[in-house]
Amino acid sequence: MSQTTIDPRSLRAPPRRPLRLSWSDERVRAIVWQVLVVGIIGAIVWWLWSNTVHNLEVRRIATGFGFLGREAGLPIAENLIPYSPTDTYFRALLIGLLNTLKVAVVGIVLATVFGTLIGIARLSKNWLLSKIAGVYIEVIRDLPLLLQLLFWYAILQGLPGPRQALHPVGGVFLSNRGLKLPWIEWQDAHSYALLAFALGALFTWFYRRDAIRKRILDGRPRPVWPVALGCLLVLPVAIWAAAGAPWTVDWPELRGFNFRGGLNMSPEYFALLLGLTTYTAGFIAEIVRAGILAVPHGQWEAAQALGLRPGQVLKQVVLPQALRVIIPPMTSQYLNITKNSSLAVAIGYQDIVSIANTTLNQTGQAIEGIAIIMLVYLSISLSISLFMNWYNARIALVER
Amino acid sequence: MPQFGLFLKRALGMAALGLTLALPGHAQAQQAAPANTLDAVRGRGQLVCGVNTGLAGFAQPDSQGVWRGFDVDYCRAVSAAVFGDPNKVRYVPTTPQVRFTALQSGEVDLLSRNTTWTLSRDTALGLDFAATNFFDGQGFMVRSSLGLKSAKELEGATICVQPGTTTEQNLADWARANRIRFTPVVIERLEEIVAAFISGRCDAFTTDVSGLAATRSAQQKPDDYLILPEVISKEPLALGVRQGDARFADIVRWTHFLLLSAEEFGINQANIDQMANDPRPEVQRMLGRNGELGKMLGLDNLWAVNVIKAVGNYAEIFDRHLKPIGIQRGPNALWTTTGGLQYSPPFR
């Protein structure tokens, strides 16, 4: 960037005038209006607030967040961290928050992958593939999400009972109680290996960035894959082996009413995830298609003329430009997935809305309950927005 | 889809609650008498009654879309007491989770929908319970094919339960006390939790025994389902009104007592006109031939005649709606005749 391109007019400061306490002074008028507007808004908020508190008192409806420390007494089917009905409302709501995040995060990842594939398929030269993608997008986008969720849930309920469970391969059972998979018994060694993998991924990322920087300086390619292999595979496995290489598979088996052991995916979670993913993927597919089509054809031809291979054309030339179009609307879709996950109450998945609703029903503190729900969605949505804005700024067109 | 309406209704209910609590000015609120329900009902010309979303025997629209059932007859009785006409009622179906908000926000005047009277609800939720019109208890229903004899055998089972109910909390307490592990499936709409149970998503369905009987009777083959013998809680189902409106609470409470007393004195829909000439002093007072009991309640002095003409006495309501689905009088028999729990204070 160079100073010479800046319009010199913008550098010229306006002449300073002393502030006159007169209505004819523009600045005085501006200050008066602003104070007035802020004052009015403040007064309205104060009035609503004090009336609410007063009326709650008159009607003897309990207020405050003291209930968070009381015993919840409500059973929750799915919990990522230990929970029992004797725990507090706070912990119950925390479980609800984690359940919301569990479906939102996995939903975002799956919808992105699935949506991108469909978007690319719709641009395919293969007539059948592109028509199938087109029909999928039209059908899925035009039906209400709630209807789709109830549809998936009804289908999953139609599966056979646990005693007649579908049993495609050893250890996998599909029944109306959900999908049961074998799972390793988690031990400390596995946690260490996972930690090593995470650190390895971080190191690989920095190494790759450094390698690219050096390559820009001297033009010599430096392969990243040996480092990646070492950090992501060899090191974690070595640590796991050093910790005694524990490997006990937890097979699900039918005992009493239900399956015990193994990893369980409940029909409620599965239906919600399936519904959110397929629905949002329809929108993401169109965003991806729009993004790719937004890159002028000349860019493809220019890249090919430079001798880049088709993969390189897509990766180095087209995608970086397409992403600039894709990312902002994609943020909206991620926010939609998160907020739409609240439809879980209709099919009995205990997300934050479900648990907060039960809480406010038991305690009668509707205003506090709704405030908690709003706070949770606001926090998640703002986090997604912040992250996506940061990412958007990172990939934005850098003009040199 | 009924759900859309329901979600919308809930959202509106919440918004309405926020607004009603926030908006009225200090001056109005400081009179310390929250809206007078009786005047509001009279002014509107209609009683708004919160009922179940559809429970056989208690509240369910028939094939013509007319609401019928035990709880519905209580709405009709209160309407007859206030207006002399049992049909001036608008029914609002409410799920367990929205019912209290609906009452608090003024969306409904009266809750007549299988609601258990508990201390915390009575004190913290901004509502008062006028009278227990049905004594119930929580039980379990399972498929007969499972061959279960007792609820204690439910270790490891998946159990369907509606959220926001005392049932949900009792289930957790009972399981803890009996060291039974279970997986809950919680769905708000009664129709859908029942569908989940029928489809086999759950091994057992738990709610009030009367609700189990109603659900069982509504199935194509009721014999495929078995209600287990254990009753794990007390569920006094009561009529709810907004807190701080003693006058309206009195009307609802004494309408219930009237239905009990009418049964006690043998007054029914068929003989109500002859009973006006019955020489017993309490009957004379009750039916407004003597004294001004109706006026003391702020009603027409012939309110009792109107109520009994409209719905009959407690036994008639019970026999009309609950007997056909296999619910016995049990604890809901009159204390004065067969030693049950239903008992009316004197009309004096």
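The contact between the two chains takes 42 residues from chain A and 47 residues from chain B, two residues being in contact if their C-beta atoms, placed from the backbone, lie within 7 Å. On the side of chain A that touches chain B, the elements giving two or more residues are α1 (26–58), α4 (145–157), α10 (352–363) and α11 (366–395) of chain A; helices (H or I, at least four residues) and strands (E, at least two) are DSSP runs, numbered from the N terminus. The largest share of this side, seven residues, is that of α1(A).

The model is predicted: local features need pLDDT of at least 70 and side-chain atom pairs count only at pLDDT 80 or more, while totals for chains, interfaces and linings use all residues. Residues are numbered from 1 along each chain as its sequence is written, and chains are lettered from A and ligands numbered from 1 in the order in which they are written.

Chain B holds 16 helices and 12 strands. Of its 348 residues, 53% are buried (20 or more other C-beta atoms within 10 Å of the residue's own, C-beta atoms being placed from the backbone). Among contacts in chain B between residues at least 6 apart in sequence, those joining residues at least 24 apart make up 74%.

Five strands of chain B form an open sheet with mixed pairing, in the order β9-β8-β10-β7-β11; strands pair if DSSP finds at least two bridges between them. Strand β7 (residues 138–143) of chain B pairs with β11(B) in the antiparallel sense over three bridges. Arg143(B) has Tyr225(B) in β11(B) as its bridge partner.

Technical notes. A residue is buried if 20 or more other C-beta atoms lie within 10 Å of its own, exposed if 12 or fewer, and partly exposed in between; C-beta atoms are placed from the backbone.
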